[in-house]
Amino acid sequence: MDHLASASLASLWDEVSGTQPDPDLWVVIATLVAALAVVVPHGLWRIARNAVTIAHEGGHGLVALLTGRTLTGITLHSDTSGLTVSRGKPHGLGMILTAVAGYTAPPLLGLGGAALLASGRITLLLWVATALLVALLVMVRNAYGVLTVVLTGATFLLVSWLAGPQVQAAFAYAAVWFLLLGGVRPAFELQAKRARGGAGDSDADQLARLTHAPAGVWFFLFHAVSLCSLVGGGRWLLEL
């Protein structure tokens, strides 16, 4: 029995970690266009931005844990805002890295996803994304947040279990394009909101207080990470 279980687990791991054929170039282009069609129009973006918020707050939470802070909980709101609460020193490198992680998480996740797709590991990407969403779900503390994470995770799970290779590939490429493109817009939105006198306690403002560096320095970092991730990830996806 143990031998059969070990063989089954080994077979499952080989299936998950193995490579799959790259989709045709037209599929990659079509998923890019689809992602642009979601990110650019304001109406669709207002809905799809929830997925970026999940990655944003997940980034805060993950780095908080990695730097030794105690993660208390994450809330996700219907206006696409979110809040991650952690306990620990209110200053120092751990707090700075935790604050930096929000706006940089979506594009960096997209870059990591592009690296997996460039190596042909489509199934592995889908499973890793599902595992991260399950881990995030444990820390979500409000009903709307639970709903959005469950729906997102269920979508990845259903595609990875039930869809054929072509559908899996199209879905994975669309998701990665969305993170790469959707990771660019939030920092510009925040900068515009601050210019109108809003968002006085944004991540950039918190970082300015923690480091005594102007908020503009942190906006430059957010933009640099998101744009470099888009260029680098895009080249991998398009195999340029």
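**The largest cavity**

Modeller: Keep in mind that this is a predicted model. The largest cavity has a lining made of Asn50, Thr53, Ile54, Leu76, His77, Thr80, Ser81, Tyr144 and Thr148.

Biologist: What volume does the largest cavity have?

Modeller: The volume is about 30 Å³.

Biologist: And how many cavities of 30 Å³ or more are there?

Modeller: The count is 1.

Biologist: Which helices each supply at least two residues of that lining?

Modeller: Those are helix 3, spanning 42-66, and helix 6, spanning 143-162. Helix 3 gives the most, with 3 residues.

Biologist: Okay, switching to the fold. How many helices and strands are there?

Modeller: The protein has 10 helices and 2 strands. Starting at the N terminus, the order is α-α-α-β-β-α-α-α-α-α-α-α.

Biologist: What about the radius of gyration?

Modeller: The protein has 19 Å, which agrees with a compact globule, because 240 residues packed that way would give a value near 18 Å. Along the principal axes, the C-alpha atoms fill a box of roughly 55 × 45 × 30 Å.

Biologist: What percentage of the residues count as buried?

Modeller: Of the 240 residues, 43% do. The accessible surface is about 12400 Å², and carbon and sulfur atoms account for 71% of that surface.

Biologist: Last one: what share of the contacts between residues at least 6 apart join residues at least 24 apart in sequence?

Modeller: That share is 73%.

Key: Residues are numbered from 1 along each chain as its sequence is written. This is a predicted model: local features need pLDDT of at least 70, side-chain atom pairs count only at pLDDT 80 or more; totals for chains, interfaces and linings use all residues. Side-chain values use heavy atoms; hydrogens and water are left out. On a 1 Å grid over the protein atoms alone, a cavity is a set of points where a 1.4 Å probe fits but cannot get out, and a pocket is an open set with protein on both sides within 12 Å along at least five of seven lines; lining residues have an atom within 4 Å of a point. Grid points are joined across faces, edges and corners, and a volume is the space filled by probe spheres set on the points. Helices (H or I, at least four residues) and strands (E, at least two) are DSSP runs, numbered from the N terminus. The radius of gyration is taken over C-alpha atoms; the globule rule is 2.2 Å times the number of residues to the power 0.38. Buried means under 20% relative accessible area, exposed over 50%, partly exposed in between (1.4 Å probe, protein chains only). Contact means heavy atoms within 4.5 Å. Accessible areas come from the Shrake-Rupley method with a 1.4 Å probe; for residues, only the protein chains shown count as cover.
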